[in-house]
Amino acid sequence: MIRLSGLRKVYGSRGREVVALDGVDLHVREGEVFGVLGRSGAGKSTLLRCVNLLERPTAGTVHVDGREMTSLSSGELRLARQGIGMIHQHFALLSSRTVAGNVAFPLEVMGVPAAERDRRVAELLDLVELGDKAGAYPAQLSGGQKQRVGIARALAGRPKVLLSDEATSALDPQTTASILGLLRRLNRELGLTVLLITHEMNVVKSVCDSAAIMREGRIVESGELPALIATPGSELTRELFPLPEAAPGMVTITFVGQADEPVVSELVRKFDVDVNIIGGSLETIGGRPMGRLRVELTGGGSADALAYLRDRGLLVDVEGAA
Ligand SMILES: Nc1ncnc2c1ncn2[C@@H]1O[C@H](COP(=O)(O)OP(=O)(O)OP(=O)(O)O)[C@@H](O)[C@H]1O
């Protein structure tokens, strides 16, 4: 649905060049929620704004729903942008307009007749569960309600793609969870493809099907979450499942979906080993238990025990071993 190839963006700033995107390739499949994670300055906002061409890339191509965005005329681009909604960290609502007026705004720009516009606004406000706030002004709303208005407005043109620019960063954890729940529901009910940028691991964990990590304008890893978590050396896995520091010889076992099996007791029963648990971190991601366990194995059966774990499809990493 979204394909970025060889994307480069260089800003000229007071005679100095800043490379914000340095050869980004990214594929977001239709109907998925894709999260781009990265620290401040990594290039996330620039990447997102290149998708709808709010920012024009210096080089590379941007395909959205089969169209090459950089080759469109300004009229074609305006139309193409109707198929790409966007929500923002600070909501970007018009304070002088009511909730209904904010949602109606893009419909007015599109030239939708008044009666149809009113119908559509009511439908959109119902969709985000704000039907009773149509006449309220943004200043009278909570942060979560403001973001729901932002989402309703972004969906006015019935987009296939929603871009989310740190949409929950200004919200408390409970409100964040409800907004992420809403995005997930819209993704499922409308088949909406969602590309979100965030610096919060929690967002990726709770709502994304796939993710990418960005650093200094580059994608350092990307893919569907289970595959990414099962990749040896994955940075995402380390951040998702933090563990106490490893000492040489310690064993880290990564589970992707097998976390409900009694692996530790099996090891002790089947092999001549003692298992000392150093730490563990488990989460349910996409309905599947995933996580990491760090242990110390002692006893003559350690090598056989490790081979057994690997045979079972678990990712096993021995600290200090090549
Ligand atoms: N309009 C601009 N002019 C010059 N430099 C810019 C501009 N926009 C962004 N940059 C620079 O490009 C780099 C990437 O910025 P970007 O905002 O995309 O990162 P980010 O990961 O979204 O960070 P944050 O979460 O802090 O917004 C940074 O070094 C930033 O200073």
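1. A residue is near a molecule if its C-beta atom, placed from the backbone, lies within 6 Å of that molecule. The structure discussed here is a predicted model. Around the ligand there are 13 residues, of which Tyr-11, Ala-20, Ser-40, Ser-45 and Thr-46 come nearest.

2. Which elements give two or more residues to the shell around the ligand? They are strand S1, residues 2–13, strand S2, residues 16–28, and helix H1, residues 44–51. H1 gives the largest share, with 3 residues.

3. By residue type, the shell around the ligand consists of 8 polar, 4 nonpolar and 1 charged.

4. S1 and S2 also belong to an open sheet of 4 strands. The strand order is S2-S1-S4-S5, and the pairing is antiparallel. S2 and S5 (67–68) are the edge strands, since each pairs on one side only. In general, strands of a sheet pair through backbone hydrogen bonds, and the pairing can be parallel or antiparallel.

5. At one end of that order, S4 (residues 59–64) and S5 run antiparallel and are joined by 2 bridges. Within this pair, His-63 stands opposite Glu-68 in S5.

6. How does H1 sit relative to the strands? H1 lies across S1, S2 and S4, and runs at about 60° to S2.

7. Now the chain as a whole. The protein chain has 11 helices and 14 strands. Its C-alpha atoms fill a box of roughly 80 × 50 × 35 Å along the principal axes. Of its 322 residues, 38% count as buried. Among contacts in the chain with a separation of 6 or more, 69% are between residues 24 or more positions apart.

Notes: Residues are numbered from 1 along each chain as its sequence is written. This is a predicted model: local features need pLDDT of at least 70, side-chain atom pairs count only at pLDDT 80 or more; totals for chains, interfaces and linings use all residues. Ala, Val, Leu, Ile, Met, Phe, Trp, Tyr, Cys and Pro count as nonpolar, Asp, Glu, Lys and Arg as charged, and the others, Gly among them, as polar. A residue is buried if 20 or more other C-beta atoms lie within 10 Å of its own, exposed if 12 or fewer, and partly exposed in between; C-beta atoms are placed from the backbone. Two residues are in contact if their C-beta atoms, placed from the backbone, lie within 7 Å. Two strands pair if DSSP finds at least two bridges between them. Axes are lines fitted to C-alpha atoms, for helices over the stretch in contact, and angles run from 0 to 180 degrees between N-to-C directions.
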